[in-house]
Amino acid sequence: MKKEKISFEGDNGEILEFYVEEETRVAGTDYLLVTDSDNEEAEAVILKDVSADTDTEGKYVIVDDDTEFNAIARIFEQMIEDADLRMED
């Protein structure tokens, strides 16, 4: 299965590219679980959509608040476990 690849500009102007592994919405906020490459040893981060309703493109920041990160990470872990169970059936 081909993963969606997204790009955006980092804080110092460099272009960052990530592969979208999962996405979810919690309390009206969109989150993406992304990796820095398309292989099994990739580093993963969680991105939070901070764009305003009037923005034409999504604006994402890396979730760095420990409480928020842990809560969203648990949701993504459950989603991945559920997907693995469906694939094994």
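**Exercise 1. Find which strand gives the most residues to the lining of the second largest pocket, and describe that lining.**

Step 1. β1 contributes the most to the lining of the second largest pocket, with 4 residues. Strands here are DSSP E runs of at least two residues, helices are H or I runs of at least four, and both are numbered from the N terminus. A pocket is found on a 1 Å grid over the protein atoms alone: it is an open set of points with protein on both sides within 12 Å along at least five of seven lines, whereas a cavity is a set where a 1.4 Å probe fits but cannot get out. Lining residues have an atom within 4 Å of a point.

Step 2. This is a predicted model, in which local features need pLDDT of at least 70 and side-chain atom pairs count only at pLDDT 80 or more, while totals for chains, interfaces and linings use all residues. Residues are numbered from 1 along each chain as its sequence is written, and side-chain values use heavy atoms, with hydrogens and water left out.

Step 3. At least two lining residues come from each of β1 (5–9), β2 and β5 (60–62). The lining has 19 residues, and those nearest the centre of the pocket are Phe-8, Glu-9, Lys-59, Tyr-60 and Val-61.

Step 4. Sorted by class, the lining holds 8 nonpolar, 4 polar and 7 charged residues. Ala, Val, Leu, Ile, Met, Phe, Trp, Tyr, Cys and Pro count as nonpolar, Asp, Glu, Lys and Arg as charged, and the others, Gly among them, as polar.

Step 5. The volume of this pocket is about 400 Å³. A volume is the space filled by probe spheres set on the grid points, which are joined across faces, edges and corners.

**Exercise 2. State the order of the elements along the sequence and how the strands pair.**

Step 1. The protein has 1 helix and 5 strands, and their order along the sequence is β-β-β-β-β-α.

Step 2. β2 and β3 run antiparallel and are joined by 7 bridges; two strands pair if DSSP finds at least two bridges between them. In this pair, Glu-22 is opposite Leu-33.

Step 3. β3 also runs antiparallel to β4 (residues 44–49), through 5 bridges. Val-34 lies opposite Val-45, and Thr-35 lies opposite Ala-44.

Step 4. β4 and β5 are antiparallel as well, with 3 bridges. Asp-49 faces Tyr-60 in β5.

**Exercise 3. Determine where Ala-27 sits and whether it is buried or exposed.**

Step 1. Ala-27 belongs to the loop between β2 (15–26) and β3 (29–35). These two strands form a hairpin with 2 residues between them.

Step 2. Although Ala-27 is not a glycine, it has a positive phi of about 50°.

Step 3. Ala-27 is exposed, with a relative accessible area of 81%. Exposed means over 50% relative accessible area, buried under 20%, and partly exposed in between, using a 1.4 Å probe and protein chains only.

**Exercise 4. Explain why β3 is largely enclosed, and look at one of its residues.**

Step 1. Of the 7 residues of β3, 6 are buried, so the strand is largely enclosed by the rest of the structure. In the protein, which has 89 residues, 24% count as buried.

Step 2. Leu-33 lies in β3 and is buried, at 12% relative accessible area.

Step 3. Beyond four places in sequence, the contacts of Leu-33 include Tyr-19, Val-20, Ala-44, Phe-76 and Ile-80; contact means heavy atoms within 4.5 Å. Tyr-19 is 14 residues away from Leu-33 in sequence, with 8.5 Å between their C-alpha atoms.

**Exercise 5. List the residues of the largest nonpolar core and the elements that supply them.**

Step 1. The core consists of 7 residues: Tyr-31, Leu-33, Ile-46, Val-63, Ile-72, Ala-73 and Phe-76. A nonpolar core is a set of buried Ala, Val, Leu, Ile, Met, Phe, Trp, Tyr and Cys residues joined through side-chain atoms within 4.5 Å.

Step 2. β3 and α1 (66–88) are the elements that give two or more residues to this core. The largest share, 3 residues, comes from α1.

Step 3. Ala-73 is in helix α1 and is buried, at 16% relative accessible area. The C-alpha atoms of Ala-73 and Ile-46 are 7.7 Å apart, although 27 residues separate the two along the chain.

Step 4. A second, separate core has 6 residues, among them Ile-6, Phe-18, Val-20 and Leu-32.
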